[in-house]
Amino acid sequence: IFGIDIEFKEFIKYVGKKFDEILYDLKIDSSISGKFSDLYFAKCVEYLDLIKPFEDVNSSLKELSRKFKISINTSKPKKNTNLILKKFFSDVDFDFVCCPELIPSNRGKPAPDSLLYICSNIGIDPKNTIYVGDMDVDSECAKRSSINYIHAGWGYGKPHEVNAIWFETIIDFKNYFLN
């Protein structure tokens with residue numbers, strides 16, 4: 001439709017950033033980026049049933065949320081995020097869900113703004129916070145906000161830092177923090 005020919009391996013390098021920043025990084029012409037973005041997220045809604053949550057995530061988040069404040073920091077638009085949460089995580093009580101359009105500065109990951117905004121909204125000091133992510137932009141966002149980072153080995157990306165703290169499964173993560 002748009003005459004764009006970009007390999008998925010190029011796209012995946014930028015996943016975790018706001019979508020308009022991904023398009024910019026991929027050098028998608030700004031004259032079509034808005035329409036491209038609209039179509040992309042419409043297709044995400046259309047194919048919502050193809051999403052498969054990682055194993056044990058829902059039950060682990062429910063358990064963890066009984067003892068800790070749990071929030072989401074996503075680069076997905078609020079509409080898409082809400083649909084995913086309603087479909088797959090409706091019984092998890094999140095303390096805050098941060099989507100790009102909520103961040104007053106409009107700066108997405110790896111800028112620290114979203115994590116600091118979450119901390120501010122739920123009344124938690126960044127020094128008492130752990131951010132769990134699965135992409136390089138998550139690690140960089142945590143570093144720039146002075147928040148401790150744990151890499152989710154069950155997610156999409158591999159940690160880019162050799163000394164990164166990571167858990168292979170969410171069950172290992174959950175058990176560590178609950179015990």
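This is a predicted model: local features need pLDDT of at least 70, side-chain atom pairs count only at pLDDT 80 or more; totals for chains, interfaces and linings use all residues.

Trainee: Is D25 buried, exposed or partly exposed?

Mentor: Buried means under 20% relative accessible area and exposed means over 50%. D25 has a relative accessible area of 22%. That value falls between the cut-offs, so D25 is partly exposed.

Trainee: How many salt bridges does the structure hold?

Mentor: Another is formed by the side chains of K43 and E46, at 3.2 Å from N to O. The structure's total is 8.

Trainee: In which helix do K43 and E46 both lie?

Mentor: They sit 3 residues apart, about one turn of the helix. K43 itself is partly exposed, at 35% relative accessibility. The helix, residues 30-46, is α3.

Trainee: How many residues apart are K87 and D49?

Mentor: Those two form a salt bridge as well, with the closest N and O atoms 2.9 Å apart. K87 is in helix α5, while D49 is in the loop between α3 and α4, so the pair links distant parts of the chain. K87 is partly exposed at 41% and D49 is exposed at 55%. The separation of K87 and D49 is 38 residues.

Trainee: On to cysteines: how many disulfides does the structure hold?

Mentor: Take C44, which is in no disulfide: the nearest cysteine sulfur, in C99, is 13 Å away. C44 is partly exposed, at 29% relative accessibility. The disulfide count for the structure is 0.

Trainee: What about C141: which cysteine has the closest sulfur?

Mentor: C141 counts as buried, at 0% relative accessibility. Its sulfur is 9.1 Å from the closest cysteine sulfur, which is too far for a bond. That closest sulfur belongs to C98.

Trainee: Now the rings: how many aromatic pairs does the structure hold?

Mentor: There is one aromatic cluster made up of F2, F8, F11, F19, F36, Y40 and F41. The count of aromatic pairs in the structure is 16.

Trainee: Are the rings of F96 and Y117 stacked, tilted or edge-to-face?

Mentor: Their centres are 5.8 Å apart and their planes are at 75°. Planes over 60 degrees apart fall in one class, so F96 and Y117 are edge-to-face.

Trainee: How many residues apart in sequence are the parts that F96 and Y117 tie together?

Mentor: F96 lies in strand β2, residues 96-98, and Y117 in helix α6, residues 113-122. F96 counts as buried at 17%, whereas Y117 counts as partly exposed at 24%. The parts that this pair ties together are apart in sequence by 21 residues.

Trainee: What is the angle between the ring planes of F167 and F173?

Mentor: F167 is buried at 14% relative accessibility, and F173 is buried at 11%. They form an edge-to-face pair, 5.6 Å from centre to centre. The angle between their planes is 80°.

Trainee: Last one: in the open sheet, which are the edge strands?

Mentor: The sheet has 3 strands in the order β3-β4-β5, with parallel pairing. β3 and β4 pair over 4 bridges, and I130 stands opposite N148 in β4. An edge strand pairs on one side only, and here the edge strands are β3 (130-133) and β5 (166-167).

Note on methods: Residues are numbered from 1 along each chain as its sequence is written. Side-chain values use heavy atoms; hydrogens and water are left out. Two strands pair if DSSP finds at least two bridges between them. Helices (H or I, at least four residues) and strands (E, at least two) are DSSP runs, numbered from the N terminus. Rings of Phe, Tyr and Trp (its six-membered ring) pair if their centres lie within 6.5 Å; planes under 30 degrees apart count as stacked, over 60 as edge-to-face and the rest as tilted. Buried means under 20% relative accessible area, exposed over 50%, partly exposed in between (1.4 Å probe, protein chains only). A disulfide is a pair of cysteine sulfur atoms within 2.5 Å. A salt bridge is a side-chain nitrogen of Lys or Arg within 4 Å of a carboxyl oxygen of Asp or Glu.
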